[in-house]
Amino acid sequence: MTDHSDAPLIDGDVEANLEKQQAADNESQRNKKVLARQVARYLIQNPTFFAENIELLETIQFPRESGKTVSLMTHQTNLLRERNIEMRQRLDQLLQNARHNDEMFSHSRRLVLDLLEARTVAEAGDALLKSFREDFGVEVTALTLFGPLPGSAGKLGQVRTSARANAEGSIGSILRNGRTVCGTLRPSENAYLFGKQADQVASAAVVPLADQLGILAVGSSDPNHYRSSLGTLFLSYIGEVLERLLPRLLEKS
């Protein structure tokens with residue numbers, strides 16, 4: 001029996017032909033790339049080429065994801081249609097944002113006027129809680145003033161009162177930060193800020209009022225509603241209004 005263990009797997013002539021074919025294919029690919037660059041350079045240098053040879057545009061084909069090809073005219077029409085849809089969507093979004101901003105301004109204006117018309121801290125608190133609930137859809141709102149308070153502390157209505165020392169023990173980090181805070185609070189912080197409604201709050205926004213006056217807090221049952229990245233301009237603005245209004249009302253009470 002003849003031993004073929006040392007025989008080559010591919011005939012030498014066949015292997016040589018394969019190498020030549022591979023070299024020819026590589027050379028063809030290089031030539032195509034060079035030609036493509038030359039064509040691109042020519043078209044850049046001659047931008048009116050297709051205007052002068054308009055009939056060529058009808059022969060240009062574009063591949064699509066479906067595997068089919070379409071003409072340049074069809075491709076441009078589809079592209080314009082897609083851009084038109086995108087622009088309409090962006091315009092609709094801008095209009096929605098504008099309507100939302102108008103609504104926010106109207107509600108904010110009415111709230112500030114109601115606060116200015118309040119004759120007592122209780123009336124101011126009622127106006128604040130009602131507006132936040134009905135106009136802004138806030139689930140839980142709590143306004144806490146730090147004692148000792150001037151005048152009568154027994155006429156605060158829905159406004160809560162607390163000793164500053166108790167606040168330091170429960171929400172000291174929030175008070176020391178001095179800025180509006182959004183996110184998920186610790187259970188002890190929720191309990192201090194929202195009292196009996198603390199179990200309803202999964203996320204909150206908290207506004208410390210200046211001069212150790214108190215703190216405004218709003219809460220939601222949605223843990224993602226008051227995220228740390230949420231804008232706080234509106235709440236900070238209402239906090240500034242309360243900082244100017246409440247001391248005068250406290251002195252009158």
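Reader: Does Gly-183 count as buried or exposed?
Author: This is a predicted model, where local features need pLDDT of at least 70, side-chain atom pairs count only at pLDDT 80 or more, and totals for chains, interfaces and linings use all residues. Residues are numbered from 1 along each chain as its sequence is written, and side-chain values use heavy atoms, leaving out hydrogens and water. Buried means under 20% relative accessible area, exposed over 50%, partly exposed in between (1.4 Å probe, protein chains only). Gly-183 has 11% relative accessibility, so the residue counts as buried.

Reader: In which strand is Gly-183?
Author: Strands (E, at least two residues) and helices (H or I, at least four) are DSSP runs, numbered from the N terminus. Gly-183 belongs to the run covering residues 181–183, strand S5.

Reader: Which strands stand at the edges of the sheet?
Author: Strands pair if DSSP finds at least two bridges between them. Five strands form an open, mixed sheet, in the order S4-S3-S7-S6-S5. Two of them have a single partner strand each, so one side of each lacks a neighbour in the sheet: S4 and S5.

Reader: How many bridges join S3 to S7?
Author: S3 covers residues 140–147, and S7 covers 214–220. Thr-144 has Ile-215 as its bridge partner in S7, and Thr-141 stands opposite Val-218. The two strands run antiparallel, and the number of bridges is six.

Reader: In S4, which residue is the bridge partner of Phe-146?
Author: S3 pairs with S4 (residues 160–163) in the parallel sense, over four bridges. The partner of Phe-146 in S4 is Ser-162.
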